[in-house]
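Please look through the structure below with this short briefing at hand.

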Amino acid sequence: MFISTAFDSGNIDVISADSADNIRLRIRKDNQSDFYQWFHFKLFGEIDVEHTLVIENAGGSAYPKGWENYQAMASYDREHWFRVPTAFDGEKLTITHTPEQETVFYAYFVPYSWERHLDLLQVAQQSAWVQQCVLGTTLDGREMNMLIVGEPAAHKRNIWITARQHPGETMAEWFVEGLLEHLLDEDEPVSRQLLDKTVFYIVPNMNPDGSLRGHLRTNAAGVNLNREWAAPSLEKSPEVYHVLEEMDAIGVDMYLDVHGDENLPYNFIAGSEGIPSYDERHANLEDSFRKAYRAATAEFQTTYGYEKEAPGQANLTVASSAVAERFKCLAFTIEMPFKDNDDLPEPYQQWSDIRSCNFGRDTLKAILDVVDELR
Ligand SMILES: [Zn+2]
């Protein structure tokens, strides 16, 4: 038996892998941080033999509740991912699987590789509507990419979308892929209507270093980027520093920051009710968007989500609150599940790369619905 993690976003330590019925594993912490939850590894096993893979430190991970009712993902061809039986006893996460082929990949969620990210940019660039920009570099020396979609003009609203501040939340980049594919489809009326009135500024991966390193939540220096928006620095959080600088130069009329939530089996959004400048206009605008989002897709709901912040109690280090306050604009954190959407369960794949893409696509309809109210 052999287990490999020496690839893009690989993460697992092997304690022992002597017998198929007791493979002992640990998830590695993010560099210079105590966060961990993301795993991704390749098993060389035995066909038609049941393998028991035990992640022994699951109980100490960032979100232990995230393992309750969670089923790990597996793939033979790295294109098609499916769920495998998984149990959590409060401490250990046990995956039980009988491989049909000699090697199999396991992951916390469908990975989104750096190579796929680079492909996404180049494919998008083939559209006459797209300009690809580099905003700066990360601590590991990677490029911070942004796509501008549409022809900038004074009357157009500036819509900003960032994804994957937390690199282990790969569904966020799948969401962007689905949204982009639809936005760049010249035969799609929603997109053409949108691009008459808006320009999109899209950062598909806010945390390239964390993504490649197999982190859950932080960048190369162990910094949680979604707590850096009050005062980002080139030393600790260049990713945020560069994006915020660009936002200041261009302006923001609406901002969506895309994430995955480890615990809740639903899609939901978190608004800005706790920011100092929150007023009736902002509240009405948020209501309009929630209503439009519900109408756009049955994958979205407003019953379950984070507790609302009390007036004035927003954490202004968090991206969506910081941007909402700085630009007095509509801003949301979008959360998708690692498990399933319990309103619309699908037992084989549960929440997936494809559903994340479709959710991104349908988000465009909700944006179009509020676009005239944004200024
Ligand atoms: Zn997140």
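The axes of helix 3 (residues 189-197) and helix 8 (residues 353-370) come within 10 Å and cross at roughly 40°, the axes being lines fitted to C-alpha atoms over the stretch in contact, with angles running from 0 to 180 degrees between N-to-C directions. This is a predicted model, in which local features need pLDDT of at least 70 and side-chain atom pairs count only at pLDDT 80 or more, whereas totals for chains, interfaces and linings use all residues. Residues are numbered from 1 along each chain as its sequence is written, and side-chain values use heavy atoms, with hydrogens and water left out.

**Helix 2 and helix 8**
- Helix 2 packs against helix 8 at an angle of about 50°, with the axes 7 Å apart.
- That angle makes helix 2 oblique to helix 8.

**The zinc ion**
- His-166 (ND1), Glu-169 (OE), Glu-169 (OE) and His-259 (ND1) coordinate the zinc ion at 2.1 to 2.5 Å, donors being N, O and S atoms within 2.8 Å of the metal (3.2 Å for Na, K and Ca), and water is not among the atoms, so sites may look incomplete.
- Along the chain, the donors of the zinc ion follow the spacing H-x2-E-x89-H.
- Glu-169 lies in the loop between strand 13 (157-163) and helix 2 (171-183) and His-259 in strand 15 (residues 254-261), so this pair ties together parts that are 90 residues apart in sequence.

Technical notes: Helix = DSSP H or I, 4+ residues; strand = E, 2+ residues; numbered from the N terminus. Parallel < 35°, antiparallel > 145°, perpendicular 65-115°, else oblique.
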